[in-house]
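Me: I am new to this one. Could you take me through a few of its labels and what stands behind them?

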Amino acid sequence: MAHVFGLCESSTQTRAELRRGLALPVERCNYMHRYLVPWTAEAPPDAKRAHYAVAALIAARPRPARDLPAPVAAEGEGHVARRARANLGAALGRAVTQGVLKPATAESALHLMSRQSADAVHPGLPALTRQLLTGGIPVDWAVLLEDMAWWNRDRDRIATAWLESYFRITSAQTAPDDLGADTPDVIEENHR
């Protein structure tokens with residue numbers, strides 16, 4: 001990730017060449033090879049595609065998101081620490097709670113992606129991440145990269161994690177103490 005952020009900051013031409021790969025399969029990303037082949041030469045096809053897709057997404061960030069400092073990975077960050085970080089479902093949940101996206105739109109996108117292969121998910125990521133970033137919602141690129149690299153082999157687990165993160169964030173607004181004035185009566189009635 002640091003390499004791609006550095007490339008994007010180095011020149012507008014490099015950023016434009018990386019951005020040309022948006023929603024394209026690796027075989028059609030000719031301008032990106034010079035930047036990514038050293039990092040992906042031995043990667044399996046799904047991982048390579050994920051690297052190319054996320055590099056293009058980073059390069060395509062809207063100006064306000066580009067002006068923010070590049071994220072820095074925590075030292076010694078392992079798989080457990082990475083799993084505690086925000087996935088795409090959490091970003092969509094924050095977008096809903098902050099009024100960037102409507103709940104039906106975000107939930108529909110999550111449910112649709114959870115049923116699709118990587119070939120169908122990749123083309124939708126540019127518009128979705130652009131909406132998030134334009135609304136001030138950060139995307140954890142490293143988490144998205146890993147999720148997309150494993151999508152075709154572990155889609156159910158990843159989609160479940162996205163949905164759980166989304167509902168954990170959006171349902172926090174409607175916690176039991178927010179249900180209304182008659183809630184104590186209902187709770188008291190249930191205890192009898």
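**Helix packing and a buried loop residue**

Reply: Helix H4 and helix H11 (residues 141-171) pack with their axes 8 Å apart, at an angle of about 145 degrees. This is a predicted model, where local features need pLDDT of at least 70, side-chain atom pairs count only at pLDDT 80 or more, and totals for chains, interfaces and linings use all residues. Residues are numbered from 1 along each chain as its sequence is written, and side-chain values use heavy atoms, with hydrogens and water left out.

Me: What makes up the contact of H4 with H11, by class?

Reply: The residues divide into 10 nonpolar, two polar and two charged. Nonpolar covers Ala, Val, Leu, Ile, Met, Phe, Trp, Tyr, Cys and Pro; charged covers Asp, Glu, Lys and Arg; the others, Gly among them, are polar.

Me: Why are H1 and H4 called oblique to each other?

Reply: The axes of H1 (residues 2-10) and H4 (residues 45-59) cross at roughly 40 degrees. Angles under 35 degrees count as roughly parallel, over 145 as roughly antiparallel, 65 to 115 as roughly perpendicular, and the rest as oblique. H1 and H4 are therefore oblique.

Me: Which residues make that contact?

Reply: Val-4, Phe-5 and Cys-8 of H1 and Ala-55, Ile-58 and Ala-59 of H4 (contact means heavy atoms within 4.5 Å) make it. By class, six are nonpolar, with no polar and no charged residues.

Me: How do you know whether Asn-87 is buried or exposed?

Reply: Its relative accessibility is 6%. Buried means under 20% relative accessible area, exposed over 50%, partly exposed in between (1.4 Å probe, protein chains only). So Asn-87 counts as buried. Asn-87 is in the loop between helix H6 (79-83) and helix H7 (88-97).

Technical notes:
Axes are lines fitted to C-alpha atoms, for helices over the stretch in contact, and angles run from 0 to 180 degrees between N-to-C directions. Helices (H or I, at least four residues) and strands (E, at least two) are DSSP runs, numbered from the N terminus.
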